[in-house]
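Student: I would like to learn how to read a few backbone and packing features. Where do we begin?

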Number of protein chains: 2
Amino acid sequence: MATETSTWQHLAKAKVDAINGSIPEKWQLSSIPPIEEQQDVTGPFIRQFLSAEEVEITETDAIDIVEKTSVGIWTAEEVTTAFCHRASLAHQLTNCLHETFFDAAIEDAKQLDKYYAQHKAPIGPLHGLPVSLKDQFHVKGVETTMGYIGWINTFEGRRGTGKEKVFESEMVKELRLSGAVLYCKTSVPHSLMTGETVNNIIGYTTNPKNRNLTCGGSSGGEGALIAMKGSPAGFGTDIGGSIRIPAAFNGLYGLRPSAGRMPYEGMANSMDGQNSVLSVVGPLSHSVASLKLLVKSLLIQQPWLHDPLCNEIPWRQDQEDMMLHLISSSKLAFGILKHDGIITPHPPVQRALGMVVETLKTLGHEVIDWDPPSHKRGYDIIMNSWTYDGGTDIHNALGLSGEPMVSQISGMYGKKREEASASRISANNIAKRNYQKEYMEYWNSTAHMTATGRPVDAIIAPLAPFAAARPDRYKYYGYSNIYNTLDYTSCVVPVTNVDKQVDVVNESFQPVSEQDRDTQEDYDPEIYHGAHVAVQLVGRRLQEEKVLALSEYVGGAIAEAKETRSSHL
Amino acid sequence: MATETSTWQHLAKAKVDAINGSIPEKWQLSSIPPIEEQQDVTGPFIRQFLSAEEVEITETDAIDIVEKTSVGIWTAEEVTTAFCHRASLAHQLTNCLHETFFDAAIEDAKQLDKYYAQHKAPIGPLHGLPVSLKDQFHVKGVETTMGYIGWINTFEGRRGTGKEKVFESEMVKELRLSGAVLYCKTSVPHSLMTGETVNNIIGYTTNPKNRNLTCGGSSGGEGALIAMKGSPAGFGTDIGGSIRIPAAFNGLYGLRPSAGRMPYEGMANSMDGQNSVLSVVGPLSHSVASLKLLVKSLLIQQPWLHDPLCNEIPWRQDQEDMMLHLISSSKLAFGILKHDGIITPHPPVQRALGMVVETLKTLGHEVIDWDPPSHKRGYDIIMNSWTYDGGTDIHNALGLSGEPMVSQISGMYGKKREEASASRISANNIAKRNYQKEYMEYWNSTAHMTATGRPVDAIIAPLAPFAAARPDRYKYYGYSNIYNTLDYTSCVVPVTNVDKQVDVVNESFQPVSEQDRDTQEDYDPEIYHGAHVAVQLVGRRLQEEKVLALSEYVGGAIAEAKETRSSHL
């Protein structure tokens with residue numbers, strides 16, 4: 001067979017040609033401006049290639065799209081076509097797609113329109129909504145490479161499974177049943193274990209707001225695509241920040257649910273079977289309302305009947321209502337994590353935290369310093385879990401084609417190490433449980449520190465020490481992965497953008513370590529100018545309803561405060 | 001220090017003397033009849049040593065005790081004292097206790113009585129109810145040996161932790177808050193990894209119904225104690241049957257909840273940190289109503305705020321109500337597992353299954369054959385998880401004192417083996433998830449086989465191939481541990497007792513394997529005569545409300561059918 005004797009370069013070239021070639025000719029750009037010329041390709045730039053109708057559709061929030069498609073104002077076909085077009089543009093500008101299946105999507109959309117015409121009712125809560133998926137989801141008709149060349153023309157690296165291009169992940173089935181239209185799969189870094197998106201097939205996915213920076217990772221294609229409004233909403237996965245990082249770096253909302261809340265069944269994964277810290281699946285979008293729509297729509301499908309790791313916890317309207325009642329009727333209390341004791345956030349991140357605190361205090365809420373058990377301990381626990389197999393899985397996957405490892409993961413996986421023993425893994429599991437227990441009791445103890453008499457309602461924390469990172473300089477995951485260790489619900493809330501006039505280098509900075517100094521030195525106002533800055537709003541385990549309600553409130557308040565400030569200028 | 005230089009025999013002797021010596025003199029029996037003379041020490045036999053009032057109290061079901069203590073009809077003190085007395089007798093007859101703390105219990109009871117006198121209301125839903133605990137729970141004032149000599153005078157084998165005799169497990173705190181009175185801890189096999197209860201401290205715990213047989217394990221002391229009504233209800237743990245086996249072998253109800261439903265935090269354990277198949281904690285008692293009382297009372301305490309592995313799933317009254325409505329208004333459908341393809345149940349177990357099927361059919365319900373994915377696969381998965389560490393943890397614990405391993409676990413742990421690698425553990429986790437998925441889809445598929453149009457409401461299955469096993473002959477755990485692999489909710493329902501006249505040896509038995517033949521050959525009607533026989537009623541994951549409702553119904557129907565039959569004779 002030709003493929004067996006091909007070099008990895010040939011295979012990659014053929015695959016990337018196929019991906020790019022799948023963009024209909026009518027949507028192909030005649031030329032892509034170089035980065036120096038056009039750093040920001042969002043908004044006005046990408047808009048110029050679209051019709052007014054397409055702009056209107058694609059710049060509508062997911063929840064508002066469904067409102068229109070569910071009552072026949074927009075057809076699923078026109079909505080789908082508009083997003084296929086814009087996604088095609090987005091990909092040409094940032095390399096954000098791994099698979100497209102526009103024809104199948106438009107055909108599915110037509111079927112939904114037929115259904116609507118017949119029944120005068122939507123087929124489900126996502127009727128006609130295009131939804132993009134990270135390239136870990138299996139969707140019939142296309143393959144899943146997860147960025148590995150050795151996975152091309154296989155099912156997760158294996159041949160002859162009978163599942164190739166036929167098998168669908170559980171959530172894919174559930175999205176279809178909800179009326180969502182699937183149309184593309186987005187880029188990921190091979191291994192999924194980095195906050196940038198880069199692999200030997202598609203190359204590097206850039207940040208559409210500033211193409212000198214990363215779009216984040218590992219659900220980076222999702223972040224870039226949604227930021228360019230080539231998708232109204234999509235799903236990523238998160239084992240250390242992989243939903244939240246692209247959300248934060250692209251000015252989006254992104255939810256990391258706790259493990260067992262949303263169905264992961266039947267997805268490709270890296271180091272599958274490592275079950276100390278589970279990867280989770282969750283949505284990214286432009287608003288909390290849209291995140292909530294996706295979560296609720298999936299829970300209606302009772303995923304626990306088809307995913308053995310999914311807990312039977314339907315959407316708890318009473319919990320959302322209780323939180324909304326608290327929000328509207330009383331004072332809230334937040335914990336603020338300004339520094340995790342390891343790495344100092346860059347000036348724009350510090351400013352964003354300050355903005356949130358100020359906004360909350362202005363609204364009459366309480367913000368107390370969050371001084372939890374050592375994050376260093378939590379960090380070590382998750383880093384242990386990521387390296388149990390000493391790199392075996394990743395080396396095997398790369399070995400299938402002989403492709404080289406991207407530099408972003410070589411620090412952690414470059415050298416193949418001895419695998420952890422059962423006893424070492426058990427010890428780490430115990431350390432994790434003990435850490436979770438201590439952190440939980442610290443949270444409980446804040447009832448004695450707040451004026452509300454309740455433990456804090458949420459934590460406000462940086463998502464990363466920086467706004468969108470510079471290529472190959474994402475070295476510290478502690479701010480995001482601590483909540484994977486703890487399995488807490490976390491939602492990214494966009495706050496502001498780097499302003500080189502305001503966010504100047506802190507000349508009096510005193511590093512607490514060499515790594516702290518190196519990280520701070522990566523901050524360059526000129527390079528970062530315009531980049532999105534976000535925070536995380538963190539709740540306890542399995543508190544998705546509460547965290548979404550609070551994120552909507554806090555995000556709204558920040559946006560309002562910004563508007564008020566600018567109207568005063 | 002004296003202890004350092006003592007032999008393990010001296011340490012064990014001192015400990016057993018302390019345990020036996022903790023029984024107040026007034027409650028010590030002047031002589032214990034030998035087994036040959038008095039096989040069955042339950043009911044009339046043990047009753048002779050008690051006052052009429054004590055008999056009345058101790059033969060009252062847990063839920064009825066609480067009804068009396070909660071309105072001041074009985075004092076917590078008189079109830080507690082009666083159970084302390086009867087537990088003392090039970091221990092002398094079967095070796096079922098590891099720790100007693102009667103004085104502390106009676107003092108706690110007095111405080112509850114004071115509370116009641118002041119408030120004219122119970123302190124919580126378990127006000128004044130004595131509850132026994134397997135010797136994995138840490139309770140202040142006494143130690144936890146878990147049957148290991150090397151744990152005597154330590155905290156889980158370690159010295160100087162500051163936790164010795166002070167630290168309490170999370171559930172212990174929650175039981176106290178609910179008003180339960182803790183008074184004793186019950187015997188376990190060292191390692192917890194066998195269906196018999198034997199260790200080098202307390203020796204062998206016998207089955208009170210027939211002291212030639214085992215009381216089961218690993219929560220064997222619980223089973224024996226509750227069977228003798230030395231406790232109205234208690235808690236055990238289950239990683240392969242350890243709640244259900246003692247429940248079945250002692251004619252009790254016992255619930256194995258799914259992992260994450262009840263709080264395990266802060267308990268001693270064997271091979272702690274192995275998280276492929278988690279041990280779970282659950283109740284044993286004389287009725288489903290009492291099991292339900294215990295589960296509900298604990299969930300009211302919101303254990304998820306103090307146990308990081310506990311899911312926020314309160315008691316779902318709507319689920320119980322829905323099942324009760326189905327029971328009263330329509331036909332139910334059950335799957336019956338007659339043989340797991342590996343080991344043939346003994347004649348009395350087959351008869352018990354037949355009785356359940358007949359009862360259900362008579363009531364108009366449907367019973368279909370349960371023909372799921374290979375149980376052999378599920379069995380191999382859990383056996384792998386039990387031996388990940390190659391025996392390291394158990395050898396270390398035994399090595400603390402130099403005591404020998406009991407024969408019951410030497411097959412699995414006698415020879416120290418190489419530890420499993422991270423990759424091997426991951427592969428087993430994937431195999432487990434895949435197996436769970438297949439089994440789940442098989443269950444879903446039964447919707448097409450039932451007349452109800454629903455998947456079966458529960459599975460009826462043997463708990464073990466035998467009634468209470470003969471000492472040192474418990475060799476096969478597949479019937480119980482398959483539901484640990486699957487993490488299904490399972491409740492043991494007592495059905496009948498072995499009758500040597502009826503349950504004759506099956507002379508035409510055709511073994512499917514050598515192990516099948518050996519197991520069947522262990523059946524001897526003479527030895528087994530009178531032993532309890534039970535079945536399991538199994539629901540899906542986290543279906544405690546439904547499974548308890550169905551178990552109460554099925555258990556009640558069986559009891560009624562038996563009564564009808566005997567009244568016809």
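Tutor: We begin with accessibility: a residue is buried under 20% relative accessible area, exposed over 50%, and partly exposed in between. Keep in mind that this model is predicted.

Student: Is A:Lys229 buried, exposed or partly exposed?

Tutor: A:Lys229 has a relative accessible area of 24%, so it counts as partly exposed. This residue sits in the loop between H9 and strand S8 (233-238) of chain A.

Student: And what about A:Met146: buried or exposed?

Tutor: Its relative accessibility is 0%, so A:Met146 is buried. A:Met146 belongs to the loop between strand S2 (130-134) and helix H8 (170-177) of chain A.

Student: How do I read phi and the peptide bond?

Tutor: Most residues other than glycine have a negative phi, and most peptide bonds are trans. Here, phi is positive at A:Met146, near 55 degrees, and at A:Lys229, about 60 degrees. A cis peptide bond links A:Gly217 to A:Ser218, with omega about 0 degrees. In chain B, the bond from B:Gly217 to B:Ser218 is cis, with omega near 0 degrees.

Student: Where does B:Ser218 lie?

Tutor: B:Ser218 is in the loop between strand S7 (210-214) and helix H9 (220-227) of chain B.

Student: How do I read a sheet, and which strands stand at the edges in chain B?

Tutor: Look at the pairing of strands. Chain B has an open sheet of eleven strands with mixed pairing. Strands S1 (97-100) and S12 (366-369) of chain B are at the edges; each has a single partner strand, so one side of each lacks a neighbour in the sheet.

Methods. Residues numbered from 1 in each chain as written. Chains lettered and ligands numbered in written order. Predicted model: local features only at pLDDT ≥ 70, side-chain atom pairs only at ≥ 80, totals over all residues. Heavy atoms only, no water. Pairing = 2+ DSSP bridges. Helix = DSSP H or I, 4+ residues; strand = E, 2+ residues; numbered from the N terminus. Buried < 20%, exposed > 50% of the residue type's maximum accessible area, 1.4 Å probe, protein only.
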